[in-house]
Amino acid sequence: MSTILRAPSLGPIIGHVTSSSARVWIRGHDADDNRTIGVAALFAGGVYLPNSAHYFRLRREYDRTGIAEFSDLAADTNYSVCIGCLSLETPDPLENNTDDEVFSTLPDASSWGEQLKKLDTDEAGAQFTTFPAGALDQLAFVFGSCRYPGLLWTKKRADVIFRSIYEHFNAPGAPSKPRFFMMVGDQIYADTLPKDIGLGVANSEAEFRDRYLSAFGAPNTRKLLQHVPTYMILDDHEIEDNWVHGRLREASKRHLFNLAIQAYRSYQWYHSPRNYGEYLYYSFACAGFPFFVLDERTQRIRDDEDYDLSDNYLLGRPDKGTGYKG
């Protein structure tokens, strides 16, 4: 086991939050065939919360990403997180040990407390406020989409808006402070140029990874995601411009789709509520206000030759004459 605790290579990202729980996402470091493990601890008012330190897996199948889950939290309360990662030597990279079996070989997670606090807070720290326990009369949140990365000298512009959003969340004396941020599609552009040109199109695992590292690692974006609960859902450019379900008929498009969705699951879906099994859509609530976040791409049926549809359907394939299939 490596005795060096390192800051994440990307993150932390504050994901799904409730009045009593929170998910904090990170990406570890590439470690050949070694296992990678996350370590996280929670603080309130600068004081370590007993029993909050714990390990969690950073899994190869999710591109060395993982989430620290905290529960039994107080409602409408500010918390800080210190989070890092370790590399564990693995004699057999295909060995399939359970999390409990892996963690049982490690020292108590609380023993990393001092090392966690020594990590650079810009890379290993995060803060969040839990949601209120009861209903409010009004709720404010911020949402946006289409983070086009820019080309050449315009690349820095793609990150500027996130500084303004961060300042809006932290404006003193705001009458109705936003509770969370929603990124509702095109967080990356797998096709930075029109796909027909054939340039700037992600078509490998490494290229999709680079898109996410660039987007979520930009200074203002990273700072915002470290301090604000954020909910994400894909649109077409996480896969390909104007993506619809029917493209899966082509073998090359199925390959592209599998690469894109695996990257999406690792970098966006993993820290979402994930309350509909493997489906990408989800629901959550804040202060008595319910939200349903629709996956409008992987289940979009449009001009399907088998169904002679002239409109878009966003909840999967309809059953002729009887409505949607369950």
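The following exercises, with worked solutions, concern the predicted model shown above.

Residues are numbered from 1 along each chain as its sequence is written. Because the model is predicted, local features need pLDDT of at least 70 and side-chain atom pairs count only at pLDDT 80 or more, while totals for chains, interfaces and linings use all residues, and side-chain values use heavy atoms, without hydrogens and water.

**Exercise 1.** Determine how phenylalanine 141 and phenylalanine 291 are arranged as an aromatic pair, and which parts the pair ties together.

*Solution.* 
1. Rings of Phe, Tyr and Trp (its six-membered ring) pair if their centres lie within 6.5 Å; planes under 30 degrees apart are stacked, over 60 edge-to-face, and the rest tilted.
2. This rule gives 25 aromatic pairs. In one of them, phenylalanine 141 and phenylalanine 291 stand 5.3 Å centre to centre with 85° between the planes, which is edge-to-face.
3. Phenylalanine 141 belongs to the loop between β8 (125–129) and β9 (142–144) and phenylalanine 291 to strand β13 (residues 289–293), so the pair ties together parts 150 residues apart in sequence. Strands (E, at least two residues) and helices (H or I, at least four) are DSSP runs, numbered from the N terminus.
4. Buried means under 20% relative accessible area, exposed over 50%, and partly exposed in between (1.4 Å probe, protein chains only). Phenylalanine 141, at 32%, is partly exposed, whereas phenylalanine 291, at 17%, is buried.
5. Ring pairs link both residues into a cluster whose members include Phe131, Phe143 and Tyr231.

**Exercise 2.** Describe the packing of helix α5 (residues 205–217) and helix α7 (residues 251–267).

*Solution.* 
1. Two packed helices are described by the angle between their axes and the distance between the axes.
2. Axes are lines fitted to C-alpha atoms, for helices over the stretch in contact, with angles from 0 to 180 degrees between N-to-C directions. For α5 and α7 the angle is about 35° and the axes are 9 Å apart.
3. Contact means heavy atoms within 4.5 Å. Among the contact residues are Phe208 and Leu213 of α5, and Leu256 and Ala260 of α7.
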